[in-house]
Amino acid sequence: MVIEQDFGSIRLLTLNHSNKHNPFSEELENAIKHALNKADSDDIVKSIIVYGGEGRSFSSGGDFNEVKNLSGGVEVERWIDRVIDLYNTVLNISKPTIAAVDGYAIGMGFQFAMMFDQRIMSNQAHFVMPELKHGIGCSVGAAILGFTHGHTMMKKIVFECEELSAELCHEYKIVNQVVSVEHLLETAFSQANLLAEYPKSAFVNTKKIMNKEFIEVLEKTREESKRVHKSSFAAKDSQKHFQKILGQKY
């Protein structure tokens, strides 16, 4: 599910779901968490890049084959715990982390990318937060964007549910850089090496303080989001969307 490669002191983690859009199944989530923690504990590794793969998406969000089975019961609580735990794993990594985004970063994929220290995006990629129009609660996404981008920008992105081009993502400061597809990994490696050059103690302790409040925001929304998603899945407003998607070549 995750291909691990070392290039000098940089660990490249390439998401390798059988679906080229890398939907977040539980198996992929566990593989990512394991790979991130493994890289963080490896003294040889100085920085970490997460990439969706050549010609593939960073992540299309939650795996519809799993999410379609959520009906508003305790299984929703477990799913939200999985989501928050995945995001916290990234935030708790002490080393520099870079998200190299191509294709789509949708829903959970968008939110997952926001956990990284820096985001490098190809000029052909798109970020999308479409939950509301599909009948899915967006409380976690709202909490994340409210923290990173403020209340007004959060509402714009969450309520409009539109695809955000690379140009808009850079304008909205969702990503740090936009580059051509051909230079995506090259730029990600350049930034990873740059951050890796900072003295370790100063970087680690500064990052810990930076992410402390972010982690608190995620923990605060954990229980609130369970209630929001229980209600939305119990209403079954999302079922038509799942049936449509799964009826296509997903």
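Trainee: Which residues touch the most other members of the largest nonpolar core?

Mentor: Of its 56 residues, five touch the most other members: Y87, F112, M115, F127 and I174. Helix α3 contributes the most to this core, with nine residues. A nonpolar core is a set of buried Ala, Val, Leu, Ile, Met, Phe, Trp, Tyr and Cys residues joined through side-chain atoms within 4.5 Å. Another core, of 14 residues, lies apart from it and includes Y51, I98, A100 and A192.

Trainee: What kind of model is this?

Mentor: This is a predicted model, in which local features need pLDDT of at least 70, side-chain atom pairs count only at pLDDT 80 or more, and totals for chains, interfaces and linings use all residues. Residues are numbered from 1 along each chain as its sequence is written, and side-chain values use heavy atoms, with hydrogens and water left out.

Trainee: At what angle do the axes of α3 and α8 cross?

Mentor: Helices are DSSP runs (H or I, at least four residues), as are strands (E, at least two), numbered from the N terminus. Axes are lines fitted to C-alpha atoms, for helices over the stretch in contact, with angles from 0 to 180 degrees between N-to-C directions. Here α3 (residues 74–91) and α8 (residues 200–234) cross at roughly 165°, their axes coming within 9 Å. That makes α3 roughly antiparallel to α8. The cut-offs: under 35 degrees is roughly parallel, over 145 roughly antiparallel, 65 to 115 roughly perpendicular, and the rest oblique.

Trainee: Is the crossing of α3 and α8 left-handed or right-handed?

Mentor: Look at the near helix. If it is turned anticlockwise from the far one by less than a right angle, the crossing is left-handed; if clockwise, right-handed. The α3 and α8 crossing is right-handed. Their contact has ten nonpolar, five polar and eight charged residues. For these classes, Ala, Val, Leu, Ile, Met, Phe, Trp, Tyr, Cys and Pro are nonpolar, Asp, Glu, Lys and Arg are charged, and the others, Gly among them, are polar.

Trainee: Is K226 buried or exposed?

Mentor: Buried means under 20% relative accessible area, exposed over 50%, and partly exposed in between (1.4 Å probe, protein chains only). K226 sits in helix α8. Its relative accessible area is 8%, so K226 is buried. Beyond its neighbours within four places in sequence, K226 is in contact with V76, E77, I80 and D81.

Trainee: How do α5 and α8 pack?

Mentor: The angle between α5 (residues 139–160) and α8 is about 155°, with axes 8 Å apart. The two are therefore roughly antiparallel. Their crossing is right-handed. On the α5 side are S139, V140, A143, I144, F147 and T148; they meet E213, F214, V217, L218, T221, S225, V228 and H229 in α8. By class, that contact has eight nonpolar, five polar and one charged residues.

Trainee: At what angle do α1 and α3 cross?

Mentor: Roughly 25° for α1 (residues 26–41) and α3, with the axes coming within 10 Å. That makes α1 roughly parallel to α3. This crossing is left-handed. E26, E29, I32, K33, L36 and N37 of α1 make the contact with R78, R82, D85, L86, T89 and V90 of α3. Four of the contact residues are nonpolar, two polar and six charged.

Trainee: Where does N30 lie?

Mentor: N30 lies in helix α1. It counts as partly exposed, at 41% relative accessibility. N30 and R82 are 52 residues apart in sequence, yet 9.0 Å apart in space, C-alpha to C-alpha.

Trainee: What does N92 touch?

Mentor: N92 is in the loop between α3 and β4 (97–101). Not counting residues up to four places away in sequence, N92 touches D40 and I215. Between N92 and M154, 62 residues apart along the chain, the C-alpha separation is 24 Å.

Trainee: What is phi of C161?

Mentor: Most residues other than glycine have a negative phi. C161 has a positive value, near 55°. Its place is the loop between α5 and β8 (163–164). At 6% relative accessibility, C161 counts as buried. K173 also has a positive phi, about 65°, although it is not a glycine. K173 lies in the loop between α6 (166–171) and β9 (177–179). K173 counts as exposed, at 62% relative accessibility.

Key: Contact = heavy atoms within 4.5 Å.
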